[in-house]
Amino acid sequence: MEHKINAYNNLLELIGNTPLIKLNKVAAPLTGNFYAKVEGFNPGHSAKDRIAIHIIEEAERRGILKKGSTIIETTSGNTGFSIAMISIIKGYDCILAVSSKSSQDKIDMLRSMGAKVYVCPAHVSADDPRSYYEVAKRLHEETEGSIYINQYFNELNADAHYHSTGPEIWDQTNGHITHFIACSGTGGTISGTAKYLKEQNPEIRVIGVDAYGSVLKKYHETGELDNNEIYPYRIEGLGKNLIPTATNFKIIDEFVKVTDEESAHTAREISRSEGIFVGYTSGAVMQAVKQLNELGEFDENSNVVVIFPDHGSRYMSKIYSDQWMADQGFFDTKNIEEPQKIEFIK
Ligand SMILES: Cc1ncc(COP(=O)(O)O)c(C=O)c1O
């Protein structure tokens with residue numbers, strides 16, 4: 001006889017419905033009310049669980065994906081982890097082409113989750129045969145019965161957020177949200193969530209966060225893909241050297257650019273002040289909020305929702321390593337936190 005046990009059937013039932021958490025300390029000097037949608041609470045520790053499950057289950061519905069099929073993707077790490085996790089539970093093989101900019105932690109983590117990983121050079125153009133886009137395309141062509149998630153050019157990416165992140169935020173704020181601010185990589189998070197929110201209230205301001213070294217902000221403002229905007233930067237998952245069709249530029253009111261250095265310090269500040277252990281792009285979005293506050297974007301009635309896309313544990317050898325921070329010169333600037341000394345008891 002089966003007893004009533006209060007258990008989830010598997011991990012996948014835990015995807016989405018992440019908490020919205022008021023930011024008390026990091027936002028204290030700012031005008032308005034600030035809330036973070038903390039995506040590190042997903043079982044795969046990032047917002048990418050939402051798109052992975054949506055795209056995979058859509059392929060199953062269409063009969064494209066069958067038991068034992070291979071799922072292929074390009075990923076800076078988070079989407080790969082989500083796909084690997086879902087592949088284990090559903091019984092698929094997972095092949096990932098990742099950028100050499102990805103942290104070793106992320107690559108090791110993907111391999112721990114049973115994925116076959118190809119590491120491709122970060123600083124080559126998107127159409128170079130060595131780029132992770134081209135490598136993934138080739139593997140897809142060579143692997144019979146495979147699907148290519150193609151998150152930068154897949155309309156189901158934004159669709160996932162339209163059906164989950166958007167309605168969740170609308171419900172959690174009881175419709176009182178005034179600003180929605182999110183980092184843009186593929187643009188899926190911001191485009192899908194904003195579409196839902198603007199359908200409820202077209203007055204909501206939607207602001208994208210881009211990196212110095214990326215083309216998105218200029219493309220939004222001019223319609224031009226300016227290759228002079230492209231140069232190497234360190235934040236993973238934010239900005240791009242191409243224009244993803246997954247991004248709906250029309251729904252975004254404005255883009256703000258942030259630096260590697262300020263974003264790293266702001267991520268560390270969030271962890272230390274709020275106790276929410278966040279990734280690099282959570283620092284980037286909060287840094288953008290600080291800049292917007294300086295520009296007078298908010299007033300006392302503003303209810304600002306930001307996305308914290310992933311968990312800090314993925315960045316132990318980067319922003320949470322004092323050595324890495326020092327190597328980047330991130331402690332050289334005046335008026336910025338000093339690394340904490342470790343006391344060794346003898
Ligand atoms: C850590 C991190 N933050 C932010 C983003 C941006 O999200 P989106 O691709 O939905 O624009 C990504 C996407 O790769 C990411 O991995």
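Predicted model: local features only at pLDDT ≥ 70, side-chain atom pairs only at ≥ 80, totals over all residues.
How many bridges join strand β8 to β9? The answer is 5, and the two strands run parallel, with β8 spanning residues 205-211. Residues are numbered from 1 along each chain as its sequence is written, and side-chain values use heavy atoms, leaving out hydrogens and water.

Zooming out, β8 and β9 belong to an open, mixed sheet of 6 strands, ordered β1-β2-β10-β7-β8-β9. Strands here are DSSP runs of E with at least two residues, helices are runs of H or I with at least four, and both are numbered from the N terminus; two strands pair if DSSP finds at least two bridges between them. β1 (20-22) and β9 (254-258) sit at the edges with a single partner strand each, so one side of each has no neighbour in the sheet. Helix α7 (residues 188-200) packs on this sheet, touching β7 (179-183), β8 and β10 (303-308), where contact means heavy atoms within 4.5 Å.

As for polar contacts (N or O atom pairs within 3.5 Å), a polar backbone atom of Gly185 is 2.7 Å from a ligand oxygen atom, while a polar side-chain atom of Thr281 lies 2.7 Å from a ligand nitrogen atom. A polar side-chain atom of Asn78 lies 3.2 Å from an oxygen atom of the ligand.

Note on methods: Axes fitted to C-alpha atoms, helices over the stretch in contact; angles between N-to-C directions. Polar contact = N/O pair within 3.5 Å; in protein donor to acceptor, adjacent residues only side chain to side chain.
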